[in-house]
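Q: Hi! Could you walk me through this model? I'd like to start with the strands.
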Amino acid sequence: MTRTKISGAEILMRSLVAEGVKTLFGYPGGAIMPVFDALYDYSDRLHHILVRHEQGAVHAAEGFARVSGEVGVCLVTSGPGATNTVTGIADAMLDSTPIVVIAGQVGAQMLGSDAFQECDIVNVTQPISKWAYQIRSAEDITRAVSLAFHIARSGRPGPVVLDFTRNAQVETAEYVPKKVGFQRGYEAVPPTKPGSIEAAAEMINAAKKPLVLIGQGVELGEAQKEVRQLIEKADMPAGCTLLGLSALPTNHPLNMGMLGMHGSLASNVKTQECDLLIAIGMRFDDRITGKISTYARQAKKIHFDIDPSEINKNIAVDLAVLGDCKKTVSAVTALVKENNHQAWRDSFNEYKDKEQRLVIEPEVFPKEGPVKMGEVIERVATQSHEKAIVVTDVGQNQMLSARYSRFTEKRSIVTSGGMGTMGFGLPAAIGATFGRPDRTVCLFVGDGGLQMTIEELGTIMEQQCPVKVVLLNNNYLGNVRQWQELFFDRRYSFTHMLSPDYGKIAEAYRIPYTLVTEREQLDNAIAQMLSAKGPYLLEVAVMEEDNVLPMCCPGDDVDDMLLEIK
Amino acid sequence: MEDKTLYTLIIFSENVAGLLNQITSVFTRRQINIESLNVSASSIEGLHRYTITCFCDEATIHKMVGQIEKKIGVVRAQFFVSDDIFIQETALFKLSTQKMLEHREISKIIRIHSAKIVEVNPTYAIVTKGGMTEEILSLFHTLMQWDCVLQYVRSGAIAITKNKRELLDEYLAERKERYEA
């Protein structure tokens with residue numbers, strides 16, 4: 001029997017359907033037109049969201065992937081279309097987000113000729129992606145696509161770039177589905193060294209003052225339950241990284257708060273006092289460790305990770321437990337004895353109380369003065385019954401969202417951690433509404449970050465994405481201003497920013513809008529926003545020169561935290 | 001600052017375009033200069049073997065090898081110090097035939113250094129010499145004294161490990177077993 005030949009563009013459509021793709025974010029252009037033409041016939045199976053800028057497409061794909069656990073897909077044209085996705089690709093690489101970016105490319109016969117909208121996107125993205133590959137023939141599509149999705153979602157996830165030449169889109173071939181087999185050049189999950197599980201259990205059993213560090217690997221590995229069982233059985237307090245915040249419910253009695261620069265005082269102080277540090281699916285980023293040379297020197301360390309190159313990269317550890325943490329953590333739990341570390345746990349209270357008094361009360365429950373960002377975030381958490389997906393932009397809005405949001409469900413924080421990409425928030429929130437249409441999506445964004453990708457309000461308008469945008473407007477690039485205040489003698493060099501009339505912008509995009517300037521208006525405005533069916537823009541005029549505290553200043557030991565600025 | 005050591009990396013990868021670039025980018029990102037680099041087909045079909053030498057400290061070489069091995073398409077990356085491997089380079093010399101005839105010592109030098117004349121014509125002679133960097137440089141500097149060298153080129157180092165057989169086959173078999181399990 002001879003099979004019918006179909007165009008490469010249609011083979012791509014079928015391959016995407018076969019990978020379970022239902023949603024893609026994209027923007028058409030010359031070199032990807034045959035694919036968009038094929039998409040026209042597949043719009044019942046593949047829901048394409050037209051963004052307003054390719055950077056929006058890639059961040060939306062990231063937001064989609066982060067909340068759903070599926071691969072986010074982004075479809076753009078060659079040249080500028082492809083280069084506009086570069087920031088998002090780098091962002092997804094640093095935050096281990098599984099996305100596949102499919103970019104058009106000039107015909108194979110024209111490669112290297114500086115043809116119109118030709119850009120060597122494979123070479124551009126190789127250092128910032130998990131895999132970048134050029135498809136040059138229609139016959140190669142099914143193999144390349146299945147490998148791309150396999151690489152993006154397996155092991156430590158990451159972004160994959162497929163550079164799709166125009167000739168491969170229009171040439172015809174048979175559609176022959178391919179399954180990814182054994183790859184010599186890629187092992188998704190490294191083997192767990194014999195004895196390492198037993199050694200980890202022994203170290204945990206011997207520890208008097210253990211502290212667990214929970215990273216995003218726990219969310220990516222779907223090991224939330226396993227980690228909870230481990231810490232409960234051995235009675236071990238835990239801190240979460242920014243990206244790991246929702247891997248353990250905020251109100252869990254063993255959750256001691258966020259780690260790192262703007263984390264909780266208790267978890268940072270106790271990092272320097274514990275006798276065993278157990279890091280699970282985290283990478284000892286400099287924002288977590290503070291000064292590397294003094295970080296938890298007193299403690300023995302165990303590192304659970306799926307990526308062998310993370311072991312001893314930033315912090316040397318005594319024991320590495322390689323592999324999928326869902327399996328390794330539960331194997332260790334089976335061997336650890338039930339324990340009670342009450343005195344150790346109680347020792348956190350002093351620092352919790354101190355932080356509550358000096359930092360949290362004035363930020364979250366002020367009695368007078370301008371509205372503060374922290375109180376807005378806390379009210380949203382309360383009114384959304386701690387169930388919302390919290391998307392943030394980057395800066396003070398991000399750190400305060402991380403500090404004062406409360407999470408009860410997994411995969412509930414979407415933020416640009418490693419790259420710190422301003423402008424990430426709005427498009428990522430759009431993606432999140434497609435990834436989890438059943439959940440409320442709240443975005444906290446500053447006036448700087450919103451203006452970086454404000455064009456995506458067009459996407460929100462067209463798609464009626466129910467993004468609840470909370471604009472925390474302080475008329476500053478607040479985080480940089482804070483650093484200028486602390487480390488540059490209050491020389492506010494280009495951090496004051498004039499904002500447009502957001503009410504008029506919202507009106508132009510036909511998005512409901514409320515402006516809050518007084519504390520008394522806040523609760524009603526949040527209630528109105530959360531009860532609205534579709535998108536909403538809530539602008540809150542917040543204190544201009546507010547600071548995120550506590551803060552471990554650059555170069556300081558992690559427990560040396562600034563609690564007040566006098 | 002920690003002392004720098006000369007490390008030799010032996011890397012096996014799939015033979016696909018762009019991988020060399022990705023491997024060298026791990027060095028450039030850390031501003032580590034590659035001293036020598038050789039890439040050619042390995043004994044296993046479809047796999048290429050890289051021999052790369054560089055100076056760096058031990059912590060850095062550990063991290064670089066991990067980051068290289070992580071690249072999709074790289075099968076295995078390992079590093080060695082000089083004692084663990086047998087390392088060899090090849091040099092080609094183009095010498096003036098006239099000078100060789102004028103000074104018989106040149107032929108003697110070639111013999112003493114265990115180099116080999118592979119072609120002679122009225123204008124020039126081609127001499128090859130295999131060995132360690134120092135041996136080749138010693139021949140080069142000696143010949144230079146006779147003003148007879150028309151061209152000179154030295155290859156990148158190639159190396160094989162001293163301690164064991166080629167274990168890549170076994171490594172791949174283990175990996176495949178794990179994959180199938």
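A: Happy to. Two strands pair if DSSP finds at least two bridges between them, and strands (E, at least two residues) and helices (H or I, at least four) are DSSP runs numbered from the N terminus. This is a predicted model, where local features need pLDDT of at least 70, side-chain atom pairs count only at pLDDT 80 or more, and totals for chains, interfaces and linings use all residues. Residues are numbered from 1 along each chain as its sequence is written, with chains lettered from A and ligands numbered from 1 in the order in which they are written.

Q: Great. Which residue in S3(B) stands opposite Thr5(B)?
A: Cys56(B) does. Strand S1 (residues 5–14) and strand S3 (residues 47–56) of chain B pair in the antiparallel sense over ten bridges.

Q: And what's the strand order of that open sheet in chain B?
A: The four strands run S2-S3-S1-S4, with antiparallel pairing. S2 and S4 (74–81) of chain B are the edge strands, each pairing on one side only. From one strand to the next, the twist averages 15°.

Q: Which helix packs on the sheet?
A: Helix H2 (residues 58–69) of chain B, which touches S1, S3 and S4 of chain B. Its direction makes about 165° with that of S4(B); angles run from 0 to 180 degrees between N-to-C directions, and axes are lines fitted to C-alpha atoms, for helices over the stretch in contact.

Q: Switching to domains: how is chain B divided?
A: Into domain 1 (5–86 + 159–180) and domain 2 (87–156), with bounds from an automatic or database domain assignment. Their centres, taken over C-alpha atoms, are 32 Å apart.

Q: How many residues of each are in contact?
A: Nine residues of domain 1 of chain B meet four residues of domain 2 of chain B, a contact being two C-beta atoms, placed from the backbone, within 7 Å. On the domain 1 side, S2(B) gives the largest share, three residues.

Q: Last topic, chain A: at what angle do H3(A) and H19(A) pack?
A: At about 45°, with the axes of H3 (residues 54–68) and H19 (residues 425–435) of chain A 6 Å apart.

Q: So are they parallel, perpendicular or oblique?
A: H3(A) and H19(A) are oblique to each other. Angles under 35 degrees count as roughly parallel, over 145 as roughly antiparallel, 65 to 115 as roughly perpendicular and the rest as oblique.

Q: Which residues of H3(A) take part?
A: Among them are Gly56(A), Ala60(A) and Phe64(A), while the H19(A) side includes Pro427(A) and Ile430(A).
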